[in-house]
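I opened this notebook to record what I looked up in one structure.

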Protein chains: 2
Amino acid sequence: MNNKVTRPTMDDVADKAGVSQMTVSRVMNGKGYISKEVRDRVKSAAEEIGYVQNRLARGLRSEKTPLIAVVLPTLGNSVFNDVLRGITDALTDQGCRPVFGVTEYSLQKEDALVRDLLSWRPSGIILTGLEHSDITRKAIAAAGVRVAEIMDVDGTPISVAVGLSQTAAGVATAKHMLAKGHRRFVYVGSHSGQDLRAGKRLEGFRQTLREAGASLLSQDISDKPSSMMEGRRMTSDILARSVKPDAIYYSNDDLATGGIMHCLSEGIQMPDDIALAGFNGLPFLDALPIRLTTIETPRYEMGRQAGKFISRPSDDDSENNARAIDLGFKLFEGQTC
Amino acid sequence: MNNKVTRPTMDDVADKAGVSQMTVSRVMNGKGYISKEVRDRVKSAAEEIGYVQNRLARGLRSEKTPLIAVVLPTLGNSVFNDVLRGITDALTDQGCRPVFGVTEYSLQKEDALVRDLLSWRPSGIILTGLEHSDITRKAIAAAGVRVAEIMDVDGTPISVAVGLSQTAAGVATAKHMLAKGHRRFVYVGSHSGQDLRAGKRLEGFRQTLREAGASLLSQDISDKPSSMMEGRRMTSDILARSVKPDAIYYSNDDLATGGIMHCLSEGIQMPDDIALAGFNGLPFLDALPIRLTTIETPRYEMGRQAGKFISRPSDDDSENNARAIDLGFKLFEGQTC
DNA sequence: TCGGTACATGTTTACGTAAACATATGTCAA
DNA sequence: TTGACATATGTTTACGTAAACATGTACCGA
């Protein structure tokens, strides 16, 4: 078995076409003047010997790659599937390719991941959230890459942030629940509270309760990833306590759906016995027997706009001033609150 | 604004540490002999000047990268979110990074995508399905990269396939529905029928109906991506026809859930008025008011095993013989059939 | 004492490409 | 007729790294 794979280079194509390597380069990249005759000859020579460009060499020489680094906290939530889809769609339009990694909501892992991704010399990087360590900030500054931050706008963007106000989402949820007459709340979260966006929502939520004189009985935060099962289990625990809330605020729809499942199976009435609210507005909520009150977020659009910004042609620096693009959210009033 | 970003190289680190560039390379890669004293000096020098390796140069020189190309048909279905998560988890363990692209179920786009991904000189490539054009096959063979194919095992793998028998899944669904007494079927698909795995399920399904003398009244295939909304709309159309089926086989759970929604809202009894079956066994089905009969697939595990195979150490060629790993599936009998 | 070997570091070179610069020829306005 | 400029191609070089080869010291057994 022949193990050494020698792939054809521009030199091979050049030999075949009877031109110089540089001419092949020009044909491949459509740069500079090339006669039609030579162009055709080179192209068919390349085709014939199965030439595939070497992006490593290209990137090294030109000090430029069509790569965009993408840092996501997890793939375990369809939220980031939508975001990644938006990013991918936008990048594809610009001929860029995403290279991604997940941090599992750890700022420390983010440091290592960012450094690793930057070693590919991407032309841009998309980060999740606005909170990053100094290490990450310095590494990005030193790399001189474009930056976009997604999901959140509460804070100071490095360059451009595309997201929504997580705090405002928490406030809006609290106001809605308070308006419905609920006074005794429990918060349910996951990921050991490492999800900083969820933390901001909780903060806005708490602040609003405090101002209204309502009480947050407890904050139940699982050390597991969020899932319907976990939400169901936690809800069951909470409702088994002697001191019961009249409303539960979940950090996302998966957990909240678990809550709905528990209530349905136990014959607990929503919102009379217990009110529930989630966050995200995932499509599958449409199919549940009872509509969850939640916050609809522009997940795909956040990804798409961040991808569009980060991969725009390099001469277009019309928008390089730091700023936040707030895509907003919409409170959906369901039947659970 | 200083636009030229000159990033430190191994030479810079070498100068700072008073050693040669090659010594820096040895320290960074932990190869060869290095005294503890020099190692520490180099590491702190690198730290101090913020050195980040250049993987383009490294890959070019060593003719080897830790990249794995991943070709998926879409990100618009949470199925591939699970698959990608499995792949990512496995690759992360091996220090590899996925570079992915989507084909939108087009073999032609696959050709272009594979060529583009191969230009990054990945050490392996994960493809979806077993059907590929000769162009793609040749390109992969010429590149000499490892290959894994996922989702399907009905056919001849290039090297290793990790999946399930799509045909058998179609057969199993048909048998179950026939056993429940249904005789007049309609099939509902999406993506203009470009999803070849869905096509194989349909083929197994059809064949089984034929053998049983049952009839497939029609195959309704949307030209849109699959979604609950589309499934609902199509179901509504089908049930408005004069010739009605007594059972509908959907190409996936999203479409089937749309069917459930339509029936629930119209007061159509499942499975008495109409029986429904889906495919995938997505988690949100657990929360629906009526349990969908479907096929549970090992999505994460397919990704993980393919990732594990493709990124295993290069000297481990213990399993380089072409073969298929059938992870199987499980028919879940819900309340819709 | 000699030679082999583990240890430790340096020098030269090549990976495949594109930027920078060089060299023509042809065309067209002054 | 000149020279400015568009067109068309070639030559040299550098991008940052690691493989290959070279050099030198220390130690250990024969």
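Two strands are taken as paired if DSSP finds at least two bridges between them. Helices (H or I, at least four residues) and strands (E, at least two) are DSSP runs numbered from the N terminus. I note that this is a predicted model, in which local features need pLDDT of at least 70 and side-chain atom pairs count only at pLDDT 80 or more, while totals for chains, interfaces and linings use all residues. Residues are numbered from 1 along each chain as its sequence is written, and chains are lettered from A and ligands numbered from 1 in the order in which they are written.

Entry: strand β3 of chain A.
I looked up the partners of β3(A). Strand β1 (residues 67-72) of chain A pairs with β3(A) in the parallel sense over three bridges, and A:V70 stands opposite A:I126. β3(A) also runs parallel to strand β4 (residues 146-152) of chain A, with five bridges joining them; here A:I125 stands opposite A:V147. Between β3(A) and β4(A) the chain passes through α7(A), and this β-α-β crossover is right-handed (with the strands pointing away from the viewer, the path from the first strand over the helix to the second runs clockwise).

Entry: burial of β3(A).
I counted a residue as buried if 20 or more other C-beta atoms, placed from the backbone, lie within 10 Å of its own. Five of the five residues of β3(A) (residues 124-128) are buried, so the strand is largely enclosed by the rest of the structure. In a regular strand the side chains alternate between the two faces of the sheet. In β3(A), A:G124, A:I126 and A:T128 cover one side and A:I125 and A:L127 the other, all of them buried.

I took a residue as near a strand if its C-beta atom, placed from the backbone, lies within 6 Å of it. DNA strand C is surrounded by 26 residues, the closest being A:M10, A:S25, A:A57, A:R61 and B:T23. Two or more residues each come from α2 (21-29) and α4 (55-62) of chain A and from α2 (21-29) and α4 (55-62) of chain B. DNA strand D has 27 residues around it, and the closest are A:M22, B:M10, B:S25, B:A57 and B:R61.

Entry: the contact of chains A and B.
With contact set at C-beta atoms, placed from the backbone, within 7 Å, I found 42 residues from chain A and 42 residues from chain B. Elements of chain A that give two or more residues include α5 (78-93), β2 (97-102) and α11 (253-266).

Notes. Contact = placed C-beta atoms within 7 Å. Buried ≥ 20, exposed ≤ 12 C-beta atoms within 10 Å, placed from the backbone.
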